[in-house]
Amino acid sequence: SAVMYGLLPAYAFYIRHARGVILRNVRLELVQPDFRPALIGDDVEDLELTGFKAPVAGDEPLLRLRNVRGVVIQNCRALGSVQNFLRVEGARSADIALLSNDLRKVRNIALKTDGFAGDIAEVGNLGP
């Protein structure tokens with residue numbers, strides 16, 4: 001709860017120290033703009049997002065991943081325009097794939113920061 005943890009860095013999902021997380025067909029709507037990412041994964045192994053659709057405001061990415069391994073993001077899209085679809089951080093991040101996502105309203109697909117210099121596999125994405 002917000003009382004127990006305070007304001008979380010993501011407006012919907014903050015996944016930390018986890019393995020084997022699957023989110024399918026999740027669509028988020030906001031009553032008012034929120035300037036946090038919709039989802040943050042921090043130290044997550046084997047994360048699968050399929051059919052994830054959400055808005056984001058400002059310069060934050062839709063999805064922010066830090067020190068993640070084995071990530072598949074497929075059939076996802078931002079609801080509305082977004083500067084960065086994905087931000088990947090941390091030298092331990094690896095094995096990330098973007099498959100058949102609708103990125104037509106995205107300016108940059110992936111921002112790599114804070115030690116992440118690896119590749120992101122991309123297959124069948126639309127745009128930008």
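Predicted model: local features only at pLDDT ≥ 70, side-chain atom pairs only at ≥ 80, totals over all residues.
Local features were taken at pLDDT of at least 70 and side-chain atom pairs at pLDDT 80 or more, while totals for chains, interfaces and linings use all residues. Residues are numbered from 1 along each chain as its sequence is written, and side-chain values use heavy atoms, with hydrogens and water left out.

Side chains of opposite charge can pair when their charged atoms come close. With a salt bridge taken as a side-chain nitrogen of Lys or Arg within 4 Å of a carboxyl oxygen of Asp or Glu, the count comes to 11. One of these joins Glu48 to Arg24, at 3.6 Å from N to O. Glu48 belongs to strand β2 (residues 39–50) and Arg24 to strand β1 (residues 13–24), 24 residues apart; strands are DSSP runs of E, at least two residues long, numbered from the N terminus. Arg24 is exposed at 52% relative accessibility, where exposed means over 50% relative accessible area, buried under 20% and partly exposed in between (1.4 Å probe, protein chains only).

Asp34 and Arg36 also pair, with their closest N and O atoms 2.8 Å apart. Here Asp34 is buried at 16%, whereas Arg36 is partly exposed at 22%.

A further salt bridge connects Asp114 with Arg66 at 2.4 Å, N to O. Asp114 sits in the loop between β9 (106–113) and β10 (120–123) and Arg66 in strand β4 (residues 63–66), so this contact ties together parts 48 residues apart in sequence. Asp114 is partly exposed at 47%, and Arg66 is partly exposed at 28%. Through shared partners, salt bridges join Arg64, Arg66, Arg87, Glu89 and Asp114 into one network.

How values were computed
Helix = DSSP H or I, 4+ residues; strand = E, 2+ residues; numbered from the N terminus.
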